[in-house]
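Start with how angles are named.

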Amino acid sequence: MGGHLSYEEGKKVVVKGLIILAIVTIAEVIVALLGKGYLIKGFHLPVWLMYFLMISMSLYKAYFIVYDFMHMRYEVPGLVKSVLMPTLLLTWALIAFFTEGKTWKEWRARSKDTNLYISNIPVEKQEKSSLHNEIHPGVESTTPGQHAPVEVKDAQNESHGASDNKTDAHSEPKEVKHAEEKSH
Amino acid sequence: MADHAIHNHDSHDNSRLWDGAKEPFKASYGKLMMWYFLLSDAFTFAGFLIAYGTLRFSSPAWPVPDFVFSSLPGDIHHKPLIFVTIMTFVLIASSVTMVRAVQEGHRYNKKGVVFWMFLTIIGGLSFLGCQAWEWTTLIGKEHMTIHNNPFGSHTENGVYLEGDGHDIKAGDQFKVGDSYLVHKHDGHWAPLSYKNEAGATKTQQLGPKAFGALFFFITGFHGFHVFSGVVFLLIIMINAWSGIYAKRNNKYEMVEKIGLYWHFVDLVWVFVFLVFYLL
């Protein structure tokens, strides 16, 4: 509960909170821009360091908001544990789903089927057939140990077109037509 | 009457507290349930953000946020993350004014509560205004929707064959991971063509669809939280003004509860900001 701080002390925490959160946010943005080479030409932070700094600063902000602004600091230990400990379950979700995401990436690379998630430019469509690759597995898919590199080579050599991305095939003509109607 | 007993910690009528001998966790029913609601909401948001991470991991190329979010009102471009930093400040400031409202409630200062809650509402509305501008720019000018994402990123090195004469000129080089925006001219996509290192001529493709869908869904869900927070703040401010919380004699606990919700909205933004704009 509140009331553990005097009114004057409480006011100080507010000012302190405003300053801390503002400074940490600015620091995060600076790390992001510096790390990606926007501030100093040709200078990049190592990716792991950049991510580590940004994630830990965000966690600190979250801690400050929960403990000082939401007064978690003044609650009894049972309440604190019953609210905060369940969030630890998310650790498993992070590990499981991110691993899953990486596996999807490998599978997509193996089937060279980038079109499932990279949408085509609606007007021109000569993309290679994803269905074709699944039905008639190419050489690379018969050797499962080898992962074919991610390639977007397409368009020219293989033009099985039309049959693959069905949703696009349906939506494209409409879109183009619509645009034409507007322009006339 | 029941209300009074539930909320009043100094009450001698202990038998009525939660109908047991004493309050669990020394907190009122309403406040404890607000905490548990926020916990469940945190899981919802965590699910969305983890889904974002999963799809991003599963994609060989992903648009760089500093490139996507680099516009400012007044036709200013190529200022990465500045606008969203301002949005973050607005939300932090409204969180701070909310803390002040709760403090004034603890000392039964009705005018103070109403004043600081009013400022909090202004902050919330400003944030929503910023978000409206951001969405309008992305949808109206840059043509990002939940179906199409014109923000792509290169998977190979190369050089542009034709430019759009504005940002990109013919002969400009790019590297793996560089982001681009496919423009629309007269309602048609106008992708630029380029030559990769192997010498093949190609055209730009649209980026991963999931990017647009996830962006609008997750920031929209957060924005809806902000909007409903503003509505609740408004109701509670009017109630505080009318004097019903003063009569309850429980240190304006209703203000404290909406305060918890409002800080949570700020808390979620910390992570949305991290995941969408920084990483």
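Angles under 35 degrees count as roughly parallel, over 145 as roughly antiparallel, 65 to 115 as roughly perpendicular, and the rest as oblique. This is a predicted model, where local features need pLDDT of at least 70, side-chain atom pairs count only at pLDDT 80 or more, and totals for chains, interfaces and linings use all residues. Residues are numbered from 1 along each chain as its sequence is written, while chains are lettered from A and ligands numbered from 1 in the order in which they are written.

Look at helix α4 (residues 82–106) and helix α5 (residues 110–141) of chain B. Their axes come within 8 Å and cross at roughly 165°. Axes here are lines fitted to C-alpha atoms, for helices over the stretch in contact, and angles run from 0 to 180 degrees between N-to-C directions. α4(B) and α5(B) are therefore roughly antiparallel to each other. The contact of α4(B) with α5(B) holds 14 nonpolar, eight polar and three charged residues. Nonpolar covers Ala, Val, Leu, Ile, Met, Phe, Trp, Tyr, Cys and Pro; charged covers Asp, Glu, Lys and Arg; the others, Gly among them, are polar.

Now step back to the whole of chain B. Its secondary structure comprises eight helices and eight strands. These are DSSP runs, numbered from the N terminus: helices are H or I with at least four residues, strands E with at least two. The C-alpha trace of chain B spans about 85 × 35 × 25 Å along its principal axes. Of its 279 residues, 41% count as buried. Buried means 20 or more other C-beta atoms within 10 Å of the residue's own, exposed 12 or fewer, and partly exposed in between, with C-beta atoms placed from the backbone.

Two loop residues deserve a look. B:Asp75 lies in the loop between α3 (65–68) and α4 of chain B. Its phi is near 60°, a positive value in a residue other than glycine. B:Asp75 has 7 C-beta neighbours inside 10 Å, so it counts as exposed. B:His143 sits in the loop between α5 and β1 (151–153) of chain B. Phi of B:His143 is also positive, near 60°. With 19 C-beta neighbours inside 10 Å, B:His143 counts as partly exposed.

Finally, turn to the two chains together. Their contact takes 59 residues from chain A and 57 residues from chain B. Residues are in contact if their C-beta atoms, placed from the backbone, lie within 7 Å. On the side of chain A that touches chain B, α1(A) gives the most, with 12 residues. By class, that side of chain A has 38 nonpolar, 13 polar and eight charged residues.

Terms used. Two residues are in contact if their C-beta atoms, placed from the backbone, lie within 7 Å.
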